[in-house]
Each structure stands twice: as C-alpha cells, then as structure tokens.
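Me: Here is a structure I want to understand. Could you take me through it step by step?

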There are 2 protein chains.
Amino acid sequence: MAMTLSRRATRRVCIGEIAVGGGAPISVQTMTKTHTRDAAATLAQIEACAQLGCDLVRLAVPTADDARALGEIVPRSPLPVIADIHYDYRLALAALEAGVQGLRLNPGNLRGKEQIELIAREAGARGVPIRVGVNVGSLPHELRDRVKSGALSVAEAMVESALGEIRLLEAVGFTQIKVSLKASDVATTIEAYRLLAPRCDYPFHVGVTEAGPDVRGVVKSAMGIGVLLFEGLVDTLRVSLTADPTEEVRVGRLILQAAGLTSDMPDLISCPTCGRLEVDLRPVAAEVDRFLQRIRKPLKVAVMGCSVNGPGEAREADVGLAAGKGYALIFRRGKVVRRVAEPEMLEAIKKEIVQEAEAGGER
Amino acid sequence: MAMTLSRRATRRVCIGEIAVGGGAPISVQTMTKTHTRDAAATLAQIEACAQLGCDLVRLAVPTADDARALGEIVPRSPLPVIADIHYDYRLALAALEAGVQGLRLNPGNLRGKEQIELIAREAGARGVPIRVGVNVGSLPHELRDRVKSGALSVAEAMVESALGEIRLLEAVGFTQIKVSLKASDVATTIEAYRLLAPRCDYPFHVGVTEAGPDVRGVVKSAMGIGVLLFEGLVDTLRVSLTADPTEEVRVGRLILQAAGLTSDMPDLISCPTCGRLEVDLRPVAAEVDRFLQRIRKPLKVAVMGCSVNGPGEAREADVGLAAGKGYALIFRRGKVVRRVAEPEMLEAIKKEIVQEAEAGGER
C-alpha cells in the first residue's frame, strides 16, 4: 500500500481484550438483531459474526428480561459484549453485573446526576468504557430548535450534543469514553466527526446510521466511513444495514481492506466484463469471491477476461486467471503455470488459491 | 446538505450534449457488456441504462465489425456514445465516421506520430474529445521497471504514463482531453488522482478498475470515488463492477446522491433492525427501496422500527414510517397522518410516497 494513514491521536479504552483508540488496530463491530432475551439465538448470531472476523458486538437491552439474558450470553460470547441502553439506569447496572465489557449509554437520558454517578462508579470499577452515542434522530429538543432557527448546522448540533454528554460523564470523574456521531446522510456524518475531532481526544466509533437496505446502505457506509478512515478519524467502525449482522461485518471488513488495513483477507480483482470478453466470466468471479471468504490469508487474486488489461493484472496477482477465447491462462506469482480449457478454469484457479494460501507465509 | 463541494478547476470538454469539467454537473457513465457488433442487444442495454439516469455510455470496439455496428447504434442511442479503442487507428477513424461523441484511446498505443495526428485532426474537426485512460494493468514496460526498481510508486508511474499520453496529443495540437487513472486498489487510485490534480487542468474521469463482483466492488468504488468526490476531483465517474451496466449506473447514482449531488433521486433511510424491533421491517424497507427506483423526485423517506430513533427520523423525512408493536405511524412532512396496523403499513407508506412525489414541486 503506497499510502500510510496518519491517525488522530486519541486516548485508548479497552472493551474486554479489544483496545480502541490510541493507535490500536481499527476494530469492526456490529449489533445483533435478535431479541437479546433469546440468549440462544443471540449467541448463534454472535458466533456467526465472530467467524467472519468481527471484533466487538453490541446487544440491545430494552427490558429487564434482556438484561437478565446477558448473564447467560456474556460468559459464552466469543466477542466482548457491549450493552446498548437507553433511559433506565437499572438496566445499565444489571448489564454491568452480568459482566458486559462495554456500555453504550447517553447520560443525558438518565434522571439526574445521582444516576449518572452510580453508573460511572460501577462502570469505572469494572474498567468498562461508555460510548456516548449521538444520533441525529434523537437530538435534544433544545438543539433541534437551534438547528431550526439556523443558529447551528445539524452537524454542529450533533457535536454540541456529544460534548454535553461527555461533560456529564467528566463531571462525575469518568473518562473511559468513546464517541459516535451518527447521521443518516454521509455529508453530515463526515462534517460532524471533522468538527468534533479537534475538540476532544476520545476515540471515535464511526458509522452512518440507518443507511438503508442493500446496495444503498453499502454505498453510504463505504463513503462515509471510507472518507473518515482515510482522514485517520476512525478508531472502531460499525456498518449499519437493514440486513443480517454478518453482512454488516463483511462490509465493514471490506471497507478496512479497501483502505489497506487488514492483514488476513484475500483481495479479489475481477474485470467488469465488456464487449471484449470472449468467455462467461461472471459466474467464475462470483464463485471465486465466495470461495475466498473461507481463506484467511492476504492473497491477491485476479479473475480477468480481457486481453487488454487481463494478463497484466493476472501477472501482478498472487494467483491470476486471464481468459481468452475458450481457454484461460492461470498465473502464480507472475508466471503462467497452466493453460486450461474454459470449463476447467474455475477448478484450476481454486486449486492454485488453496496451494498459494498454504504456501502463503513463506513468500 | 451542509457541505458544499469545492471542485478542482478544469477545462471543459463536451461529449455530445454532456459537458464534463469546468464546473459542469458530475456525470455518470457505464460501459455496455454486449458485443458491440450486436447492435440490437447493445442498444437495449444503452436504453436500460438511460432509463436509470445514466449520462454517457462507452462501447468496446475491438474489431471492424464492432466499428461498423456503431453506424447503426449511434443515431439511435439515447445517450452520447464513447468508443473504446486500442491499438488500431482505423477503428478510431471508423468510429468517428460513425458519429461517436467521444473516444477513449491512448495515443501511446498507436504506431507513431502520423497516426496520432490523423486521429487528432479527425476528432478535433468533429469536436470529439479523447479520454486518455491509464490503467494499472497496462502500464508501459519502462514504467513498470521503474516501479520494480523502487524509483516510482505505482501511483507515480500511472501519473507519468498519463502525462506522457497527454503530451503526445498536445504535440499534435489536441487538447480536448479527459484523463483517467485506474488502479484496482482504492489507495493507489486516490493517490494517483491527487498527484495528477496539480499537474494538468484536464477533467478527470474517476473509477476504481476491476473492482470485483457484488458487494466487494460496491465497497471499493464507493470508497475510491467517494473520497475523490469529497475532494472535488471527480468530473465524470464510472463504477466498474462484474455485473450488469444498469447496476453500475445505479451504484454510480447512489454515490452521487450520498454526496448530496443529485436533484432527482429519493433517499431512503431505514433502521438497521435490532433487538428493540417489534415488527418485521426488512421486507418493508426492501420493497420501499425498489418502489423508490421509479420515483424521480428528491424525496426523503424513512422506514424505521425503533422507538428510540424512529419517530425522530420519521418526522424529519418527507414521508416516514415509525413502527411499534403491531402498528405503524405514517408521517408526512413532520406530522403523523395515519396510524395503521402492521399488515397495512407497506401500502400506506407507498400511497403517501406517491402523493408526496406528485405534490413534490410545491413545497
């Protein structure tokens, strides 16, 4: 990677074994979409996310039943668990007692300083950080009014809201803080984090909220998180999709990978297929993409069908395929190792990928 | 949109009626994936792309048969046509005679100054710009060697290659130029455009090449194009996916939209669904997403299932849905207009969307 990311200097907090900020690797998190009180279903979802490389998981805790289930979930979870809590300090206390490693909780939603002090003391005693999570959909009325009157931009209001929440925690001596500033539009999200960056040194949890279903959500998240990632403002990230959490993890990891920040993911480049193409390449590229999800090595794989750019790209990859009319050349580390007929090209490249992955460390 | 984009100052070229650079709106282009010599199939693909809001279309012209088909395609195409040509100057001449509005052609691939002069004269006489398209997979050997020796980074080599191609055209007095610098990795792509930006004032065609299939390609494209878009370096863009060109257009338009640069697309925000959810929201969000593809108004639509952020987001939208247990509130411009039972919520929000779209201009 030609570019090195210079990251914003922040304090470091630890959520279980996962450090966030202070130069720690950027972690990927998601949120389960089960009812937390269904401990078995929740654990199954956490397990699936962990297998895809997720680092942290957040669980909604809206009721006492959900809080009780944490006692069963936390000890069995392969990932540190963050409890997402609103309004009710007793749920936060119950979550802490259940052993969660992180809280997401806005002290402004609690009833007064006494409750905040209590939570801060209990969280502090356990080394549990609190994320102050400002969301454009739940800004306080007072700030909403100042936006309406034109006194503040939406991003400025989000920053004011975050600083207010931070001050409430600092006032009771609590500084194990992460901050998020989520808007559902990309430009506001970017602007908010940029504005807050020079005003505190707490690590940033970054995401575009309610980004939407399918491709729409992937585009918004990749742009919003991507821009901030290249500006060094991301300490932990969450892709928020109207989809399975495993999909959020996959997209989050792909975003990190596209910024050159993963060390255990294969990359696939494949040609867009055009009028120069002489073979049916799309199913091959799609199948290689699926196949690579099982490989945990930073291989570069190219599946190309074009005589203009194909051989060049295939040669630069660890494993490459360059298709011509009815045949394909298979490359390993820049050299043609086989020439196969079209029907055999998928199996041929898979075989080379497996061999290259096994040999991977030795290069 | 709170942020305004300050764009790099460039010359302007025109591809038919579509201006590129010099402050013109950022255009979306794609490439057909048919054999161009199959004029009917190619026209059908162009038509489908035009209906999704594509501005420009590029066709591969690898043979004389493909060039001949341009005579049939160009007069019937709803979009300006760019011919993609390599090596053979006679194909470029044939494309110009067929009336194409743009060429993509690297003069370094032609045989000597005489051929370059001929193409430049014919293109110039017709007001047809030429895109110099540098692709990391087809860098000249000499530059490739300088990368290998460590004298140049890949991005620097791409920039040198582009400047060399530009000089060949300038040497014969041709300056109706666009430039692209495509790498298959995001960081190199970003670096290359950043490096070239201060070294010429030709407009930029931006994309991440061979980005791959499915979500992987969407992530890379949204990040690469997105970062450059927010830096003001994009004049026209192409999302390159191992997929249908219509999908490339859709993603390209979503990228522009996410940067706040479209005026005719509805936006959808929908909640990621979590353990707080009491209704089955995903099919509703997916169906609303599909439904909105037919609407050409800049509506903001929210489909929310969460009692924490839902009402706030739904209230801020032009049309909103906030679901509770077994029911949903439907919002229009910040006011609850209906309360419907869960099975009716999809039809209810669709109806409000149609009404709002019809009333749209009057707000």
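Reply: Start with a term: two strands pair if DSSP finds at least two bridges between them. Strands (E, at least two residues) and helices (H or I, at least four) are DSSP runs, numbered from the N terminus. This is a predicted model, where local features need pLDDT of at least 70, side-chain atom pairs count only at pLDDT 80 or more, and totals for chains, interfaces and linings use all residues. Residues are numbered from 1 along each chain as its sequence is written, chains are lettered from A and ligands numbered from 1 in the order in which they are written, and side-chain values use heavy atoms, without hydrogens and water.

Me: In what order do the 8 strands of the open sheet in chain B lie?
Reply: The pairing in this sheet is parallel. Strands E8 (177–182) and E9 (205–206) of chain B are the edges, each pairing on one side only. The order is E8-E7-E6-E5-E4-E3-E10-E9.

Me: Which residue in E8(B) stands opposite Gly133(B)?
Reply: Strand E7 of chain B covers residues 130–135. It runs parallel to E8(B), joined by 6 bridges. Opposite Gly133(B) stands Ser180(B).

Me: At about what angle does helix H6 of chain B run to E8(B)?
Reply: Axes are lines fitted to C-alpha atoms, for helices over the stretch in contact (heavy atoms within 4.5 Å). Angles run from 0 to 180 degrees between N-to-C directions. Helix H6 (residues 154–171) lies across E7 and E8 of chain B, and its angle to E8(B) is about 160 degrees.

Me: Is Lys350(B) buried or exposed?
Reply: Lys350(B) sits in helix H12 (residues 345–359) of chain B. Leaving out residues up to four places away in sequence, Lys350(B) touches Glu287(B) and Phe291(B). Buried means under 20% relative accessible area, exposed over 50%, partly exposed in between (1.4 Å probe, protein chains only). Lys350(B) has 14%, so this residue is buried.

Me: How far apart are the centres of domain 1 and domain 2 of chain A?
Reply: Domain bounds come from an automatic or database domain assignment. Domain 1 of chain A spans 12–258 and domain 2 spans 267–357. In chain A, 6 residues of domain 1 are in contact with 4 residues of domain 2. Taken over C-alpha atoms, the centres are separated by 40 Å.
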